[in-house]
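Hi everyone, thanks for coming. Let's look at one structure together, starting inside a chain and then moving out to the pair of copies.

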Protein chains: 4
Amino acid sequence: MSTPIKVAILGARGRMGAAAVDAVSAASDMELVAALGRGDQLSKITDAGATHVVDLTVPESSEANVTFAVERGLHAVVGTTGWDEPQRARLEAVLGQHPEVGVLIAPNFALGSVLATSFAAKAATYFDSVEVIELHHPNKVDAPSGTAIRTAELIAAARRGAGVPAAPDATEKLLDGARGALVDGVPVHAVRLRGLTAHQEVLLGSEGEALTLRHDSFGHSSFMPGILLGLRQAASHPGLSYGLDRYLDLGF
Amino acid sequence: MSTPIKVAILGARGRMGAAAVDAVSAASDMELVAALGRGDQLSKITDAGATHVVDLTVPESSEANVTFAVERGLHAVVGTTGWDEPQRARLEAVLGQHPEVGVLIAPNFALGSVLATSFAAKAATYFDSVEVIELHHPNKVDAPSGTAIRTAELIAAARRGAGVPAAPDATEKLLDGARGALVDGVPVHAVRLRGLTAHQEVLLGSEGEALTLRHDSFGHSSFMPGILLGLRQAASHPGLSYGLDRYLDLGF
Amino acid sequence: MSTPIKVAILGARGRMGAAAVDAVSAASDMELVAALGRGDQLSKITDAGATHVVDLTVPESSEANVTFAVERGLHAVVGTTGWDEPQRARLEAVLGQHPEVGVLIAPNFALGSVLATSFAAKAATYFDSVEVIELHHPNKVDAPSGTAIRTAELIAAARRGAGVPAAPDATEKLLDGARGALVDGVPVHAVRLRGLTAHQEVLLGSEGEALTLRHDSFGHSSFMPGILLGLRQAASHPGLSYGLDRYLDLGF
Amino acid sequence: MSTPIKVAILGARGRMGAAAVDAVSAASDMELVAALGRGDQLSKITDAGATHVVDLTVPESSEANVTFAVERGLHAVVGTTGWDEPQRARLEAVLGQHPEVGVLIAPNFALGSVLATSFAAKAATYFDSVEVIELHHPNKVDAPSGTAIRTAELIAAARRGAGVPAAPDATEKLLDGARGALVDGVPVHAVRLRGLTAHQEVLLGSEGEALTLRHDSFGHSSFMPGILLGLRQAASHPGLSYGLDRYLDLGF
């Protein structure tokens, strides 16, 4: 049995942070050594002997937190949203001084969602038609979802790269909106239904066959396996990795 | 064993008619006594001793065909499209002279489709949210499909009748078309995918649960069970019945 | 605006009871007047002026609770499991003395589940083939679920009643278990998957078409709409009603 | 515009062969130069100037056909079933003499099916639970299908390779068959439903999320895109390739 990964969680009192506290505590190969909330000193991390941090805080403090960790040789897994290009460039400069440290920043930690998107982009080059349906709870303010837009963009890029022609569509008599929103040429349909959480289907079709890739997220706990996988692999992926797919053995 | 139903099929050389010839021939409780195509004399029907006719012809000749049958005491199952109100009124007048004769005119003979639509309208009064997704081959010229529009209208009417409030939807940031076409207040999404035939899903949701009613039609053969059911029940439903649901024991 | 329904909840500190407290409190046509837990005196119900009770307690106390309510002219909605025939007979005797009182005892308060089962039994008489797939979290100890067994039994009874022959199946070379468990002649398949809660699909097929009825339950909150519906309709359904379908306008 | 691929189809009068004749004729980058049936001389292939052959014949003649082609420097795409190890070894010896020639032998030419199986094996290493449901027409004699068995075996191998523990399952009270057939530890459920053709779902689940990979085959035409892809890529894949996945850019 190897030494457990010693984890400090930042933002531990938020909803995601609390879930991470539970998930790390339950993992047999990890030890939760510190759980910091708003107002706690970052020195608690090093005092506790952490080798890894999970940052689930707010955009305003995430960069300072991660920089603190990297400068002390700690690996980091970052679920805080809002990291822009200049911030990532600054972090890479810091990582240049600590070449053994690995940082994973991911906009989406749901393994199934990341896999489904990768599979969809790959499969889309082999089919005539492709459309995206995303389904969410009715309190969501944006339609389509950011994930669906990104999925459609990746699909469109893959098809362009492979020289796939536009999907066939003979529609002449159209009720406005029926064929969805076009995202980079890919129709995206957004369903809002009480009872649902966050779901997405990519439908692909060719003569005589169809392939459907569906991901269901039933809540925040769906991010935990991805965060644990990040912690387990950060040390073997030095430098900055952006996107959980970098840690998945997808080969494409 | 009772006497077989003696069936004459009109329009027997069309795609639907040929399928009906096969279906009636295969039914153990029926006997195909005549199969008429364009140019055949209607007298062939009576010469052959038919007790029932199936009309799968064209709008221009359907009324004359059915009237001919009714006037001779034959029951009729009509899949030809285009019967308008005045035509049905004229047929009802003829049926008034032949009160024992039953005629079924149905715009849709797919049992599963008719059941799904009935179930959807019934269930829609018990759920907060309801949306329709229809999926067809990419050669279809109208979007959404006629069936989807009719389904949405029946759902909307049922909800109005039961005083159900509008489905919740917090969308503020919308990409045009993403939330589908609104048909009588019900969002309808149309997918066009090579490989598919004709499919429809009604999705219903409330706090903590969802109900999905999906119908798949894989081809014209899906109409045959409905036509056979019509033939079996026409004699016990005297007068004009419009819509296959009239022959189904749905209770609502 | 009519007078609100004055509700007392028994078993209010359990998981279901707490959800009911929230649901009744949030309903604009109801007023929560009492919330009783283990050890509370039943007199609290009448002291608070309740006109309806919800019993979400334990099998040992449910009969006494409901009898207490009925004897005082209060309507009751009962989600406690374990009511057997003798208990229901005794309750009906008490109800005979209070003919204006309505009691609903339901083994399943998820509206969508009750509707899906009713629809399945109805549709099963019109299709050649029918199978049931239920999908649950992996901590479930019984397979198939009680709901799936009951669904299969209702389907089988409906098909027997309508004289539908056995579903076709040419299987000769079988890996043990592949075709599911036969419940009254209907194949039932049980999937156990981490991440899921409680889900069921009834698949029906005939030549050229398929109909799929799927119900998803995402948690205990799915029972709340059924409990509220029970409260709203109990007064207009005097006597004992067993099963939520008795309150649904299904016509069959 | 490059020179069209000159294709000879062997077995052109069978069901698959006839579909291939249509598909090759419709492809803008191909030219059908010969269509051979039982009894035709193989010399017709070379007389017609073919550069590629498609073999859709019978196990008894397939090896001789393909050997004939390879010896004359023609590339081959083989959909005939029954190629065993000794046959493939003999063919590889012939190919050793013609190192520029490419031959693709594939047990399954449905692109979507091949992709779905690859994706399933890849994803299965990241999820706690995985099960397979296959759904076919009721005339199928084996249950589960060969494709489902192979999918389960590949999933099991991938999980073993990654050290994934067995899927959780608390079932204690089991109705025989309910949990499916165990194929290498993976539950496989087989549904038989009139109206269906050939369909397969792989369901994967972890805490809070599920991933579903579904493939629908609606008929033999689903094999044509795979055959065309084989023809387009055979020349750039010299030697013997077994399995269409060898020609897909899957990276794993």
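Across the interface of domain 1 of chain A and domain 2 of chain A there is one residue pair in polar contact, both at pLDDT 80 or more; that means a pair of N or O atoms within 3.5 Å, one able to donate a hydrogen and the other to accept it, with residues adjacent in sequence counting only if both atoms are side-chain atoms. Salt bridges there number zero, taking a side-chain nitrogen of Lys or Arg within 4 Å of a carboxyl oxygen of Asp or Glu.

A word on conventions: this is a predicted model, where local features need pLDDT of at least 70, side-chain atom pairs count only at pLDDT 80 or more, and totals for chains, interfaces and linings use all residues. Residues are numbered from 1 along each chain as its sequence is written, chains are lettered from A in the order in which they are written, and side-chain values use heavy atoms, leaving out hydrogens and water.

Domain 1 of chain A covers 5–105 + 221–247 and domain 2 covers 111–218, with bounds from an automatic or database domain assignment. Their C-alpha centres lie 32 Å apart.

How much area is buried between domain 1 and domain 2 of chain A? About 400 Å², 70% of it from carbon and sulfur atoms, counted as accessible area (1.4 Å probe) lost on being put together, summed over both parts. In domain 1 of chain A, A:Ser222, A:Leu244 and A:Asp245 lose the most area to domain 2, together 70% of what that side buries.

Definitions and conventions
Buried area is the accessible area (1.4 Å probe) that two parts lose on being put together, summed over both.
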